[in-house]
Amino acid sequence: MEIRLNKYLSEAGVCSRREADRLISQGRVTVDGLQPVMGQKVSPGQRVEVDGTPVEAQEPPVLLLVNKPVGVVCTTARFKDEKNIVDMVAYPRRVYPIGRLDKDSEGLILMTNQGELVNKILRRGNAHEKEYLVRINKEVTPGFLEAMRCGVPILDTVTAPCRAEKTGPREFRIILTQGLNRQIRRMCEYLGCRVTALKRVRVMGFTLDGIPSGGYREAGPEEIRELKQWLAASSDRPFREQREQGETDGK
């Protein structure tokens with residue numbers, strides 16, 4: 001059965017569909033030795049290559065939980081004097097990050113070889129929880145927390161309601177279901193303060209527990225299966241709650 005080339009590359013674990021379109025437009029993809037056109041379909045048995053490397057059939061799914069240090073960029077591209085997360089992890093198979101965590105932040109980011117998994121997680125309708133520990137340069141006041149919870153005008157919109165609680169004189173915990181560019185930093189700047197440290201400690205049901213800075217662990221087959229089930233269901237319940245409920249039901 002024929003499928004679109006960008007979907008083929010995504011399902012083979014090369015990259016997301018959007019990234020596949022970029023590779024095709026840059027002339028880095030060939031089909032049977034020829035340059036394809038955008039939207040082209042491929043059939044089983046055709047030889048697809050990216051940068052001269054054959055693309056094999058879909059590999060077993062890989063999902064990594066990575067503890068990104070400050071200073072590492074979440075991209076597959078390589079820039080002078082910058083260390084990207086792919087090179088840092090140095091995983092023996094091709095993997096790429098799901099979403100981003102800015103260079104000045106640290107903490108949990110997921111990486112995978114499954115393009116469709118990336119597409120489903122990043123799809124806006126599948127809003128999922130991301131939990132952060134934040135330190136700012138001023139005291140965390142009740143008014144500040146209430147403003148963060150209710151929504152802050154940034155980037156020509158107002159941020160969605162979220163949960164936030166004080167954890168120290170200048171520290172707080174925040175749980176978002178959005179992923180706007182540098183969202184927490186922009187929210188704090190609007191409210192007259194500056195982020196001095198930001199760490200993501202949870203994405204859905206996955207946490208940093210036991211993962212050292214710069215290290216990673218592989219998600220087990222059961223964790224991947226549960227994640228895919230949650231995405232397929234498009235449930236409004238956080239993934240962590242589904243896992244906890246499943247564990248309770250199983251006792």
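A polar contact is taken here as a pair of N or O atoms within 3.5 Å, where within protein one atom must be able to donate a hydrogen and the other to accept it, and where residues adjacent in sequence count only if both atoms are side-chain atoms. The model is predicted, so local features need pLDDT of at least 70 and side-chain atom pairs count only at pLDDT 80 or more, whereas totals for chains, interfaces and linings use all residues. Residues are numbered from 1 along each chain as its sequence is written, and side-chain values use heavy atoms, with hydrogens and water left out.

View 1. Strands (E, at least two residues) and helices (H or I, at least four) are DSSP runs numbered from the N terminus. Arg202 has a relative accessibility of 1% and therefore counts as buried, the term standing for under 20% relative accessible area, with exposed for over 50% and partly exposed for values in between (1.4 Å probe, protein chains only). The side chain of Arg202 reaches the backbone oxygen of Met204 at 2.7 Å, and a polar contact of 2.7 Å joins it to the side chain of Glu129.

**View 2. The salt bridge between Glu131 and Arg202.** A salt bridge places a side-chain nitrogen of Lys or Arg within 4 Å of a carboxyl oxygen of Asp or Glu. In this pair the closest N and O atoms are 2.8 Å apart, and the link joins distant parts of the chain, since Glu131 lies in strand S11 and Arg202 in strand S16, 71 residues apart. Both Glu131 and Arg202 are buried, and they belong to a network of salt bridges that also links Glu129, Arg163, Glu165 and Arg173.

**View 3. The salt bridge between Arg28 and Asp51.** The closest N and O atoms of this pair are 2.8 Å apart; Arg28 sits in the loop between H2 and S2, and Asp51, 23 residues apart from it, in the loop between S4 and strand S5 (53-54). Arg28 is partly exposed at 31% relative accessibility, as is Asp51, with a relative accessible area of 47%.

**View 4. The buried face of helix H2 (residues 17-25).** Ala20, Leu23 and Ile24 are the buried residues of H2, and seen down the helix axis they fall within an arc of 100° (taken from the directions from the axis to the C-beta atoms), so they line one face of the helix. Arg18 and Ser25 are exposed on the other side of H2, and just after the helix Gly27 takes a positive phi of about 75°.
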